[in-house]
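Please look over the chain below before reading on. The notes after it start at one end of the chain and then turn to the overall build.

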Amino acid sequence: AYIKGNRGKELDAFADGPFNCLIDYREPTLEDMDEFQRRGIKVIFPLEELYAGRWFVKVLKLKNLEEEEAYVTKRVNAFKNHPALLAWYLNDEIDKSRIDELRRRQKLLERLDDQHPTWTVLYQVESIPAYFGSYDIIGSDPYPIGHGNRTELDMASDWTRLTRAGSYGIRPVWQ
C-alpha cells in the first residue's frame with residue numbers, strides 16, 4: 001500500500017488494516033520513520049524520483065548527476081539503520097533508454113547499504129529483461145481494476161507471470 005495524503009487519517013486506517021508495509025510517496029522524515037516503527041509498519045523508502053528530469057529533482061533544484069547522487073547518499077546514510085526500513089524504491093517506470101543510470105544507481109545503493117534491497121516497478125513488462133542488473137526485487141503495476149471486464153482483470157496475473165519470467169525467475173517479485 002502507499003500513503004501520500006493526510007498522514008494522520010491515512011496512517012490510522014492503514015495501521016488498523018491487514019498490511020504492515022507501505023511506500024511513503026512523500027519523503028519520510030526521521031519522525032515519520034519513528035512513527036511507522038512504533039506502529040509496526042515497514043517502509044519502502046522513495047528514491048525513485050531522484051533522476052534528471054523527474055519532478056523531485058526539479059523541486060530540489062539538483063543540477064547534475066553528482067548532486068543527485070550526493071542527495072541519495074545523504075538519504076540512504078540517514079535511514080539505512082532505521083528499523084522501519086524494508087527496502088529502497090529505486091525506479092518507478094523509468095524508460096529502459098536510461099538503463100545505464102539505473103544500473104549506476106543500483107551500484108551506488110549496493111555500496112551504501114548492503115542490508116536492504118532495492119525495488120523497481122515497471123509497466124514495461126515486455127522490456128523487463130533489459131532492466132536486469134538495476135534492481136534486487138522487481139514488480140509490475142497493472143491497473144486492471146475499474147475497467148470491469150474479465151480480460152482486464154486477468155492483466156494482474158498475466159503481468160505477474162511476465163514479471164517473473166522477465167527476471168529469469170531468479171529475482172524476487174513484489175507486485
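**Briefing on the predicted chain**

Tyr168 sits in the segment after H6. Its backbone has a positive phi of about 60°, although Tyr168 is not a glycine. This is a predicted model, in which local features need pLDDT of at least 70 and side-chain atom pairs count only at pLDDT 80 or more, while totals for chains, interfaces and linings use all residues. Residues are numbered from 1 along each chain as its sequence is written, and side-chain values use heavy atoms, with hydrogens and water left out.

**Overall build**

- The chain has six helices and six strands; these are DSSP runs numbered from the N terminus, helices being H or I of at least four residues and strands E of at least two.
- From the N terminus on, the order of elements is β-α-β-α-β-α-α-β-α-β-β-α.
- A compact globule of 175 residues would have a radius of gyration near 16 Å, and the 17 Å of the chain agrees with that; the radius is taken over C-alpha atoms, and the globule rule is 2.2 Å times the number of residues to the power 0.38.
- The C-alpha trace spans about 45 × 40 × 30 Å along its principal axes.
- Of the 175 residues, 43% are buried (under 20% relative accessible area, with exposed over 50% and partly exposed in between; 1.4 Å probe, protein chains only).
- Among contacts (heavy atoms within 4.5 Å) between residues at least 6 apart in sequence, 57% join residues at least 24 apart.

**Strand S2**

- Strand S2 (residues 21–24) is covered on both faces: Cys21 and Ile23 on one side, and Leu22 and Asp24 on the other, are all buried.
- In a regular strand the side chains alternate between the two faces of the sheet.
- S2 runs parallel to strand S3 (residues 42–46), and three bridges join them; two strands pair if DSSP finds at least two bridges between them.
- Leu22 stands opposite Val43 in S3.

**Helix H6 and Arg164**

- Arg164 is found in helix H6 (residues 150–166).
- Arg164 counts as partly exposed because its relative accessibility is 40%.
- Leaving aside residues up to four places away in sequence, Arg164 touches Gly169, Ile170, Arg171 and Val173.
- Arg164 and Ile138 are 26 residues apart in sequence, and their C-alpha atoms are 8.4 Å apart.

**The loop at Lys61**

- Lys61 lies in the loop between helix H3 (55–60) and helix H4 (65–79).
- Lys61 has a positive phi of about 60° and is not a glycine.
- With 64% relative accessibility, Lys61 counts as exposed.
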